[in-house]
Amino acid sequence: MKKALFLVVLVAVMVGLTSNVMAEAVTVEYWNLFGGGDAEFMDAIVEEFNAAHDDINVDVTRLEWEEYYTKLKTATASGNGPDIAISHVTRVKELADEGLVVPIDELGESVGINWDEYNSNILNGAEIDGQVYAVPLDTHPLVYYYNKDLLAEADLLAEDGTPKIEGSFKDFLAKLQADSSAKYPMTNWTKLTAEGHYRVWWSLYNQLDGSPVVSDGEVTLDKAKAVEAINYMKDLYNKEYSPLHSEYMENVNLFRNGEAASLLTGVWITGTLEATEGLDFGVIPMPQVFDNQSVWGDSHTLVIPYARNEDEEKQKAALTFAKWATDHGELWAKAGHIPSKTTVTEKEEFKNMPYRMDYVKAADYVTFDSAGSYTWGIRTEMATALSKVWNDQITAEEAVDEVVTAVERLISR
Amino acid sequence: MNLYNRLAKKYPFLKALPFLLPFALVYVIFLIFPIFRGFWMSLHRWTMVRNMGFVGLDNYLYMIKDPAFWESLGNTLMFVLLSTPTIVIGGLVLALLANQKIKGQLFLKIAFFLPYVLSVAVISSIMVYFFQPHSGLLNGILQSYFGVEETIFWLGEANLAWFVIVFATLWWTVGFNMVLYLAALQDIPESFYEAAEVDGATKLQQLLYITLPSLKPITWVVTLLQIIFSFKIFSQVWLITGGGPGTETRPIVQYIYETSFKQNSMGYGAAMAFAFFIILVIVSMIQIYLRNRKEV
């Protein structure tokens with residue numbers, strides 16, 4: 001009898017304990033769009049976070065990048081969205097305009113987020129009408145990778161291992177073409193219709209201080225500057241400084257096996273290049289061609305999707321995760337991305353990583369191309385028009401006119 | 001119960017109803033309803049998440065004036081015209097080859113059919129590696145062994161890009177048509193050929209007067225399936241050329257996809273999808289009409 005009583009008490013205590021734990025641990029649904037190396041680093045971050053927090057359990061769902069925004073938007077609109085999700089900073093305005101993400105200034109502060117610690121350039125991209133809608137995680141601009149051996153052949157490598165770009169960037173490429181054994185001085189993602197063209201164009205256009213493509217529902221593209229940027233690119237391909245039509249991995253591989261002396265692409269490829277045997281490379285922010293250092297880049301941020309039954313406890317738990325993940329940005333920097341917090345880029349762990357310090361400045365040069373829900377349409381239209389110029393079907397002026405007409409139609413629809 | 005029996009006697013269809021109902025429900029919810037819903041959407045300005053208001057036939061009027069719509073519709077038609085004969089005849093030729101009583105016949109059948117089991121992502125990646133200009137297999141072979149000097153941009157010129165897409169589709173799907181033809185070939189009685197041989201017919205005559213006429217019915221089926229399949233072209237173009245160069249290989253399905261999900265314009269996307277649906281209905285009706293007339 002005593003034994004039985006003891007058992008009953010024991011069971012009661014156990015049930016009580018477990019249910020207590022259950023009640024305290026908040027489960028946070030977290031959606032992201034990472035693939036390849038990125039996904040592994042993000043999974044590791046979540047694992048470490050969960051190990052360090054008894055009261056919060058982050059549950060990751062990884063979605064296919066192509067379908068990600070479709071799923072995030074429709075799920076959120078129908079009330080089945082996650083508690084926290086990754087969004088590119090250039091998508092935040094679109095999500096906010098649709099009412100799918102909530103502002104998080106105060107909520108963030110309540111869990112100890114200090115907005116001043118974030119890189120102000122990235123944070124500005126997440127701000128709409130003075131309200132912060134996203135916790136910036138990183139930024140990933142275009143940067144310029146170069147093969148040290150090949151640059152040295154053309155006497156273009158300085159003592160400190162950086163490229164000697166003394167005249168114009170094109171002079172540099174011309175010398176590389178003439179005096180090095182590389183087949184191509186440079187390579188970038190040039191498959192026709194690929195977004196790669198748009199990224200380079202956007203960088204050059206902003207180096208000319210070009211205006212946003214759309215503002216307040218009107219097309220405000222600066223045609224003359226757009227044309228100047230296109231003609232600059234056209235000349236790059238005409239002089240065969242960079243080969244046209246290369247697929248994305250093809251252009252990376254041309255650089256990896258020494259056929260191209262330099263590579264203009266996003267920071268995310270750093271990990272891949274580091275793992276390439278026998279490749280002695282360096283990296284700098286995208287070279288300045290025109291008036292300033294502007295460069296295309298995007299940024300991963302964490303957003304809180306709108307929920308019908310707002311649960312402040314959940315939102316706080318989600319933001320606690322966002323704060324922790326950004327505070328430990330050096331874990332994420334392994335993937336190549338530039339951390340969003342100045343407190344992270346000052347950490348020894350980050351400074352000791354090779355290459356990262358060489359391009360960390362690029363975060364300040366990024367000009368985001370966020371144009372609300374038109375961003376994607378503009379990117380596609382521009383990339384399409386550019387590929388027609390490379391194929392000599394239309395001139396740069398005609399391409400710009402085509403884009404303007406297409407974007408005007410986009411807005412009217 | 002009595003009432004049901006009495007009614008069932010009068011209307012026999014009531015007896016079948018319980019058996020049909022489960023399927024009919026699924027069919028209505030997942031196929032019929034979306035068609036009407038799609039049409040409803042096409043009358044609105046509709047983003048991915050919300051209805052922005054009724055616009056009547058505006059989307060359709062816009063569509064008629066949209067050059068990109070006509071261009072992509074033309075591209076789809078172009079693909080149908082290029083791919084249907086190629087893949088139907090290709091399937092026939094391979095079936096005739098694989099049906100020979102020669103050594104390695106089984107190997108041929110397997111080799112011809114194998115690509116069909118691969119997914120579109122896999123065959124597209126293979127094609128990209130094969131045709132990419134600066135380090136692709138084909139240009140490598142041409143430059144190393146055939147003395148070709150210039151780099152050929154297989155995916156950068158419209159005509160070549162069309163060739164690549166049709167080639168990829170041929171290689172990928174021809175095995176299926178071959179299997180259909182092989183089955184039909186097995187059905188031709190051996191005695192026909194024996195009789196022909198006795199009469200002194202050559203192999204060519206046997207092919208022309210026995211084999212091909214016997215394959216007529218199956219050719220109708222194969223062609224019908226192929227046309228419908230070709231109209232739906234999207235994935236391999238999307239993955240191999242992205243619709244490029246420019247928009248020269250962009251099929252209508254891709255344009256609908258881009259409009260709806262990338263440009264956030266579900267209403268206009270739905271209008272084009274509905275128009276495309278009507279076109280397919282008309283094509284199918286013509287086919288049914290032609291076949292019926294044939295059979296009479």
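Helices, as counted here, are DSSP runs of H or I at least four residues long, and strands are runs of E of at least two residues. The model described here is a predicted one.

Chain A contains both kinds of element, with 20 helices and 16 strands. Its radius of gyration is 24 Å, which agrees with the value near 22 Å that a compact globule of 413 residues would have. Along the principal axes, the C-alpha trace of chain A spans about 95 × 55 × 35 Å. Of the 413 residues in chain A, 49% are buried. Among contacts in chain A with a separation of 6 or more, 77% are accounted for by residues 24 or more positions apart.

Chain A is divided into two domains, each built from two segments: domain 1 comprises 26-137 + 299-366, and domain 2 comprises 141-297 + 374-412. The centres of the two domains of chain A, taken over C-alpha atoms, are separated by 28 Å. Their contact draws 15 residues from domain 1 of chain A and 16 residues from domain 2 of chain A. On the domain 1 side, α4 (89-97), α17 (356-359) and α18 (362-365) of chain A each contribute at least two residues. By class, this side of domain 1 holds seven nonpolar, five polar and three charged residues.

In helix α8 (residues 169-179) of chain A, the buried residues are A:Phe172, A:Leu173 and A:Leu176. Viewed down the axis of α8(A), these buried residues fall within an arc of 95°, so they line one face of the helix. The face of α8(A) turned away from the buried side carries the exposed residues A:Asp171 and A:Ala178. Helix α20 (residues 396-412) of chain A includes A:Thr405. This residue, A:Thr405, counts as exposed because it has 12 C-beta neighbours inside 10 Å, and a residue with 12 or fewer is classed as exposed. The C-alpha atoms of A:Thr405 and A:Glu381 are 9.8 Å apart, although 24 residues separate the two along the chain.

The two chains also meet: 28 residues of chain A are in contact with 24 residues of chain B. On the chain A side, the elements giving two or more residues are α3 (65-77), α11 (248-256) and α19 (375-390) of chain A. The largest share of this side, six residues, comes from α19(A). The side of chain A that touches chain B consists, by class, of nine nonpolar, 13 polar and six charged residues.

Conventions
Residues are numbered from 1 along each chain as its sequence is written. Chains are lettered from A and ligands numbered from 1 in the order in which they are written. This is a predicted model: local features need pLDDT of at least 70, side-chain atom pairs count only at pLDDT 80 or more; totals for chains, interfaces and linings use all residues. A residue is buried if 20 or more other C-beta atoms lie within 10 Å of its own, exposed if 12 or fewer, and partly exposed in between; C-beta atoms are placed from the backbone. The arc is that of the directions from the helix axis to the C-beta atoms. The radius of gyration is taken over C-alpha atoms; the globule rule is 2.2 Å times the number of residues to the power 0.38. Two residues are in contact if their C-beta atoms, placed from the backbone, lie within 7 Å. Domain bounds come from an automatic or database domain assignment. Ala, Val, Leu, Ile, Met, Phe, Trp, Tyr, Cys and Pro count as nonpolar, Asp, Glu, Lys and Arg as charged, and the others, Gly among them, as polar.
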